[in-house]
Amino acid sequence: MSGCRDGLRLRSWLTLVSGLLECLGFAGAVFGWATLVFVLKSEGYFSSLCVNATVNGTAAEDCRGQDEQFSLVFTIASFMNNFLTLPNGFLFDHFGTTVARLLGISVYTAGMLLIAFSTPVSSVLLFPALSFIAVGGILFLMTNIQVANLFGAHRSTIITLYNGAFDSSSAVFLIVKLLFEDGVSLRWSFLFLSCCSVLHLFRTVVLMPRTHIPYPLPENYSYGVNCGVTQDYAIAKTGEKNIQTSKSEEEMPFKETSDTDTTERSFKSCFLSWFFLWHLLWLSVMQLRHYMFIGTLNPMLNHLTAGEPSLVSRYTNAFAFTQLCGILCAPWNGLIMDRHKGKQREPGQSEREADLRAAILSLSLTALQCVLFSVCAATPVLPLQYLTFILQVLNRSFLYGGNAAFISMAFPSAHFGKLYGTVMALSAVFSLLQYPCFALIKGPLGGDPLYVNIALSVLSLLAFIHPVYVYLYCRGQAAQRLKGTST
């Protein structure tokens, strides 16, 4: 039995490390779009939309139509990245890890191949290509997050670490850009990335479970093939039990004034809870700010540098380099959430309530970071954008890591895929506002994003509602315990 436990421990660490490398090298590549746009413009994608114009008596090339198409490609891809997380979440919960990962690998590889074989004449292929890369990448992340269940005391830290790796993988397109400047064609770079799908298949077959990794872990839990026996049966039974419990509770609304066992809540009661509503608002307003920033970064830099290509390239590289720091920033959020682990709880305090109380600081810090980032982005001073890049990657790593960690602690693990998919899908609908905002900047505002940025900064303040509500909830729970002990 000692050999079996050692084998599980080794498998757990291999799964963790290889998952981090997968998320770091592939999953969030779509968010390096601003860097790839620089290369695609150099190659002449959508260049037919550029027209000759006269500005103050001087002939110049007007490429607003080209910028709008690149922005639309990213808008659709970011929408698909979030919205399709809903059906993907149901797919993951119902069919398990293997089926979800095979789907993710297929669409991700298809997206890479579409870009590899696209040309300026077939620029329209960028629309399905980037969407496929986005959907495949989020499936990689979703199936890897469950690995944190193997490390209970550090669960939130590992969840945020995976999300940080997801954020940092946007630097993949920086590598593509640097290789392009050294003479490596776009086609060969993306052919190489598509061939790496062999590694994803290997992880799926050898290191990942066929179904799910439950939380909390059952006693003597194992998965895969250990000591000659396949262990996935126990996982399937655990998931089946959770589903049956959920069905039996379908008519019981989730009351947040009582701290009942999380396994007793149905998906419907979780979806209709105030926790879910305010968390959705918290995610949506900050995510819109980030998507708007990434989607308009290239035209914004063109506006601030008066179209100087060398300056645009320098700041684009700086933005991409800062994205690498996402994996360094994200674990700090997890440590904030896990800081109470191993400490004695207050008398009568449940583990869930202790988790929620620890999350208040994380939720508040994330909202504050977003406001600071938004204010810097709204200030039309070019050197200040270096600070904007730092705040953006810090806030983005806190945002997505905190999103997954909060859902995992506030709601049952049996509904994680569905709730994670639902909140991402609904926030995707909200993120569609980025395209009319971009059209407003390019049209009536004459390319100046100042007023839109100010409006988004004000909108970001709504994110503070969520931590305030969680604080009031925890205070109410403490008051109930005090009342119970006094009687």
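Which side chains meet in a salt bridge with Lys41? The side chain of Asp67 does, at 2.7 Å from N to O. A salt bridge here is a side-chain nitrogen of Lys or Arg within 4 Å of a carboxyl oxygen of Asp or Glu. Lys41 lies in helix 2 (residues 33–43) and Asp67 in helix 3, so the pair ties together parts that are 26 residues apart in sequence.

This is a predicted model, in which local features need pLDDT of at least 70, side-chain atom pairs count only at pLDDT 80 or more, and totals for chains, interfaces and linings use all residues. Residues are numbered from 1 along each chain as its sequence is written, and side-chain values use heavy atoms, with hydrogens and water left out.

**Overall make-up**

The protein has 22 helices and four strands. Helices (H or I, at least four residues) and strands (E, at least two) are DSSP runs, numbered from the N terminus. Of its 487 residues, 55% count as buried. Buried means under 20% relative accessible area, exposed over 50%, and partly exposed in between, with a 1.4 Å probe and protein chains only.

**Salt bridges**

Side chains of opposite charge can pair when their charged atoms come close.

| Pair | N to O distance |
|---|---|
| Lys41 and Asp67 | 2.7 Å |
| Glu22 and Arg101 | 2.7 Å |
| Arg396 and Asp167 | 3.3 Å |

Arg396 in helix 18 (residues 385–410) and Asp167 in helix 7 (residues 155–168) are 229 residues apart, and both are buried. Salt bridges that share partners join Glu22, Arg101 and Arg203 into one network. Glu22 is buried, with a relative accessible area of 3%, and Arg101 is buried at 0%.

**Helix contacts**

The axes of helix 4 (residues 85–95) and helix 5 (residues 97–116) come within 7 Å and cross at roughly 140°. Axes are lines fitted to C-alpha atoms, for helices over the stretch in contact, and angles run from 0 to 180 degrees between N-to-C directions. Asn88, Leu91, Phe92 and Phe95 in helix 4 meet Thr97, Val99, Ala100 and Leu103 in helix 5. Contact means heavy atoms within 4.5 Å.

Ser71 is found in helix 3 (residues 64–83). Why does Ser71 count as buried? Ser71 counts as buried because its relative accessibility is 4%. Leaving aside residues up to four places away in sequence, Ser71 touches Gly295, Tyr435 and Phe438.
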